[in-house]
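Visitor: I'd like to learn how to read the core and the strand pairing of a model like this one. Could you walk me through them?

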Amino acid sequence: MTSKPLFRVLSPAAGADAKAQAEATIQIWFNDQALSVPAGRSVAAALLAAGVQRFRATPVSGAPRAPYCMMGACFECLVEIDGMPSRQSCLVAVQDGMRIHSQEGARDLPPLSDMNPLENAHGR
Ligand code: FES
């Protein structure tokens, strides 16, 4: 296993582009920490741009994970968004005021008393 990080924080663009990007920021919360992130991107892209490097922990070993494919294939980017667990952050557009939490291990299933016996845990 390599110890070299897979991702790095990008430096902001220079000149007029930087000014335009700075004007198009929104505020979100990640693990109860306020972050100012670029608007118009996926949650994963916005969090990576803000320097977040750990999005979830694996259910078995607790190893840290972060987005890898950025196109919905690897599921390494799972987070809880506005109370909904197991969201693929690379496929969700970031919105002002979102409350995002890292996903620690396996998600909890809803209590059996809250479930319709004809639906599965995903409400389908
Ligand atoms: S980064 Fe691979 S599914 Fe989101």
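**Core and strands**

Guide: Start with the largest nonpolar core: it has 17 residues, and Val-43 and Leu-47 touch the most other members. A nonpolar core here is a set of buried Ala, Val, Leu, Ile, Met, Phe, Trp, Tyr and Cys residues joined through C-beta atoms within 7 Å. Buried means 20 or more other C-beta atoms within 10 Å of a residue's own, with C-beta atoms placed from the backbone. This is a predicted model, where local features need pLDDT of at least 70, side-chain atom pairs count only at pLDDT 80 or more, and totals for chains, interfaces and linings use all residues. Numbering starts from 1 along each chain as its sequence is written.

Visitor: Which elements each supply at least two residues of this core?

Guide: Strand S1 (25-30), helix H2 (43-49) and strand S5 (78-81) do, and H2 gives the most, with five residues. Helices (H or I, at least four residues) and strands (E, at least two) are DSSP runs, numbered from the N terminus.

Visitor: What does S1 pair with, and in which sense?

Guide: Strands pair if DSSP finds at least two bridges between them. S1 runs antiparallel to S2 (residues 33-38), joined by six bridges, and Trp-29 has Ala-34 as its bridge partner in S2. With S7 (residues 99-104), S1 pairs in the parallel sense over two bridges; there, Phe-30 stands opposite Ile-100.

Visitor: How many residues lie between S1 and S2 in their hairpin?

Guide: Two, and Asn-31 in that turn has a positive phi of about 50°.

Note on methods. Buried ≥ 20, exposed ≤ 12 C-beta atoms within 10 Å, placed from the backbone.
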